[in-house]
Amino acid sequence: MPMSGHFHVWLFFVWMIVLSDVTSGENSMDQVIDPHTELMPTVIDNRTSTAFVTFLDQRSDSFVNAFRLAQSLRHSGGVLARCDIFFYTDHEARACVKQALLSLGAHVRRTIAPQAFLSSLTRTQAVYFNKLLALMSHNVTTEIVVYLDLDVLVLRDFSEVLDKFHVQAKPADHQRPAYPNIALAFAQAGVPPPPRAVYLTLTGRPLTAYFQGGVLFFPASMLPRVLEAWAEAYYKLAKNPRWAPRPFRRSIDQVAFAAAIAVTKVPFRPLSIAFNYPPAVIKEELRVNSTRWRAHAMVDPFIVHHHREGMLGSTGLLRPPRTLVRLRTAVQAYNQQVQGKPSPADFCAATRP
């Protein structure tokens with residue numbers, strides 16, 4: 001489908017608000033990638049600047065999630081505990097929310113919406129554009145940009161895996177029967193499906209490159225190139241809703257991201273399950289394969305993705321899972337660190353962002 005003039009206006013906008021240096025390189029996905037291979041030696045040090053970016057939506061639990069995310073990062077130890085955190089929002093956050101997050105060294109900023117681009121999409125088509133919107137709005141110069149969904153917690157420092165030369169994300173956990181047809185989705189986005197694959201983090205089976213979008217690591221020099229291709233793929237998928245069954249069209253941003261990685265050929269490295277650890281999915285896996293489940297229950301996570309599923313108790317402390325042994329230990333350590341520290345309720349009587 002030919003792109004409109006609106007889209008080209010938007011592309012110029014992206015280049016104006018994000019760092020414009022692009023690093024080219026050989027694609028590192030020319031064969032099946034195993035996310036369980038040993039990580040590269042440290043390529044980041046105290047002189048490398050990193051920023052954390054996320055999107056603050058208007059759901060009722062968003063402020064609590066945002067506060068706990070920032071708090072977890074500040075208590076994670078190491079280099080990353082001192083990095084800047086930016087919460088981007090498309091609405092005016094309340095003063096008490098800004099004050100609460102600022103107390104943790106986190107900044108609340110309004111998104112800079114590419115009106116020409118968004119006006120060409122319906123509200124339904126644009127609903128999953130928030131991740132892109134936050135990254136497009138971020139114009140603070142750093143070497144590394146880490147995107148985190150609002151419903152994750154950082155349990156320990158992971159600066160040793162941050163890489164100035166590769167985009168990084170976790171492959172999909174497992175292949176559900178009704179998952180979108182990735183090959184069809186790529187075709188709708190105008191991208192040939194890559195011949196290489198990634199290994200699903202739970203089942204170990206190869207799948208056409210498809211990644212979870214809740215935790216993304218970007219060298220800042222590569223971000224403009226990825227954003228341009230990512231937004232273009234998103235646009236094409238949004239305008240061609242037949243690419244996936246209706247329940248899975250919410251994966252549009254993740255499929256578009258996979259298409260962007262394929263078309264740009266940026267150097268890429270997959271993350272292991274420890275960097276986007278999904279307790280709910282792993283518990284579900286127990287009913288399918290107890291042997292695999294036992295192995296994943298022993299993973300010591302860096303980042304836990306609680307998916308807003310009640311892991312945060314009413315006090316703001318985490319509920320330690322009974323069966324995920326290493327996660328239980330990490331959660332208990334986290335609770336000890338934040339026990340008695342300010343909570344969201346100390347700043348805002350209600351939790352609405």
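Analyst: Start with the largest nonpolar core, which has 57 residues. A nonpolar core here is a set of buried Ala, Val, Leu, Ile, Met, Phe, Trp, Tyr and Cys residues joined through side-chain atoms within 4.5 Å. Buried means under 20% relative accessible area, exposed over 50%, and partly exposed in between (1.4 Å probe, protein chains only). L135, V167, F218, W230 and F257 have the most contacts inside this core. Helix α8 (residues 223-238) supplies the largest share, 10 residues. Helices (H or I, at least four residues) and strands (E, at least two) are DSSP runs, numbered from the N terminus. A second, separate core holds 52 residues, among them C83, F158, V281 and V304.

The model is predicted: local features need pLDDT of at least 70, side-chain atom pairs count only at pLDDT 80 or more, and totals for chains, interfaces and linings use all residues. Residues are numbered from 1 along each chain as its sequence is written, and side-chain values use heavy atoms, with hydrogens and water left out.

Now F218. Its contacts (heavy atoms within 4.5 Å) include L135, V167, W230 and F257, once neighbours within four places in sequence are set aside. E143, I144, V145, L223 and V226 also touch F218.

Next, the sheet. It is open, has 7 strands and mixed pairing, and runs in the order β3-β2-β1-β4-β9-β6-β10. Two strands pair if DSSP finds at least two bridges between them. β3 (106-110) and β10 (268-270) are the edge strands, each pairing on one side only. From one strand to the next, the twist averages 25 degrees. β6 pairs with β9 (residues 211-219) in the antiparallel sense, over 3 bridges.

Helix α2 touches β1 (50-55), β2 (84-89), β3 and β4 (144-148), and its direction makes about 165 degrees with that of β2. Helix α6 (residues 130-137) touches β1, β2, β4 and β9, at about 140 degrees to β1. Such axes are lines fitted to C-alpha atoms, for helices over the stretch in contact, and angles run from 0 to 180 degrees between N-to-C directions.

Helix α2 covers residues 62-74. Its 13 residues reach 18 Å from first C-alpha to last, close to the 18 Å expected. That expected span is 1.5 Å times one less than the number of residues. Of the 13, 11 are buried, so α2 is largely enclosed by the rest of the structure. The buried set includes F63, F67, L69 and L73, but also N65, R68 and Q71.

Back to strand β6 (residues 167-171), where K170 lies. K170 is buried, with a relative accessible area of 1%. A polar atom of its side chain lies 2.6 Å from the backbone oxygen of N276. A polar contact is a pair of N or O atoms within 3.5 Å; within protein, one must be able to donate a hydrogen and the other to accept it, and residues adjacent in sequence count only if both atoms are side-chain atoms. Leaving out residues up to four places away in sequence, K170 touches T201, F211, Q212, V215, L271, S272, I273, N276 and P278. P171 is also found in β6. P171 counts as buried at 0% relative accessibility. P171 and F211 sit 40 residues apart in sequence, yet 4.1 Å apart in space, C-alpha to C-alpha.

Finally, the wider setting. The protein has 12 helices and 11 strands. Of its 353 residues, 56% count as buried. Among contacts with a separation of 6 or more, 79% join residues 24 or more positions apart.
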